[in-house]
Structures are given as structure tokens and as C-alpha cells.
Amino acid sequence: MALPRFRKQLLSVKSRKLDDLFEAYALAARTLEKLHLEDQPELLAEYEATCLQIQAEVLRLLGEGERCT
């Protein structure tokens, strides 16, 4: 995840919601790398936006003190 400032906090929080977001982020980031290599600019913006949305949701949950499983 591209949130190095929050690494310790992310590692200490146990949450099914966050786990799902981490998985979604990993898939989107992998696809984004593939699109860069395959030179598919028409989809790059979509996947970049998806990654940023996932990061924003993770930060929102951290800010709420996410404790849900």
C-alpha cells in the first residue's frame, strides 16, 4: 500500500474491511503496472483513480479508528 506514513498503524489494525481493501488495492496496482507495460493509456487514468479511492477509504477507516471485523 502506498501509505508509508501509516505503516505501523495499518499493521496494528485488525479489520476485515481493511483486509478487503488491501486485496482490492493489490489487484488494482498490479493491473496498473500491467497497463503501463502494455502502453494502454486509455485505462491508466481509471486504475490510478481506483488506487487513489482505495487509499482514501483506508485513511477514512483509520481516522474512524476502524475496529470492525
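Modeller: The side chains of Arg 16 and Asp 20 meet in a salt bridge, with 3.3 Å from N to O; the term stands for a side-chain nitrogen of Lys or Arg within 4 Å of a carboxyl oxygen of Asp or Glu. Side chains of opposite charge can pair when their charged atoms come close. This is a predicted model, in which local features need pLDDT of at least 70 and side-chain atom pairs count only at pLDDT 80 or more, while totals for chains, interfaces and linings use all residues. Residues are numbered from 1 along each chain as its sequence is written, and side-chain values use heavy atoms, with hydrogens and water left out.

Both Arg 16 and Asp 20 belong to helix H2, where they sit 4 residues apart, about one turn of the helix. Helices here are DSSP runs of H or I with at least four residues, strands are runs of E with at least two, and both are numbered from the N terminus. Arg 16 counts as partly exposed because its relative accessibility is 49%, and Asp 20 is partly exposed as well, at 36%. For these classes, buried means under 20% relative accessible area, exposed means over 50%, and partly exposed lies in between (1.4 Å probe, protein chains only).

Ser 15 is buried, since its relative accessible area is 3%. A polar atom of the Ser 15 side chain lies 3.2 Å from the backbone nitrogen of Lys 17.

A search of the whole structure finds 2 salt bridges. The other one joins Glu 57 to Arg 60, and its closest N and O atoms are 2.6 Å apart. These two residues are in helix H3, 3 residues apart, which is again about one turn of the helix. Glu 57 is partly exposed at 27% relative accessibility, and Arg 60 is partly exposed with a relative accessible area of 38%.

Helix H3 also holds Gln 55, which is buried because its relative accessible area is 14%. The side chain of Gln 55 makes a polar contact of 3.1 Å with the side chain of Tyr 25. Such a contact is a pair of N or O atoms within 3.5 Å; within protein, one must be able to donate a hydrogen and the other to accept it, and residues adjacent in sequence count only if both atoms are side-chain atoms.

Another residue of helix H3 (residues 41-63) is Leu 44, buried with a relative accessible area of 15%. Leaving out residues up to four places away in sequence, Leu 44 touches Leu 32, Leu 35 and His 36, where contact means heavy atoms within 4.5 Å.

As for the chain as a whole, it has 3 helices and 0 strands, in the order α-α-α along the sequence. Its C-alpha trace spans about 40 × 15 × 15 Å along the principal axes. Of its 69 residues, 28% count as buried. Among contacts with a separation of 6 or more, 65% come from residues 24 or more positions apart.
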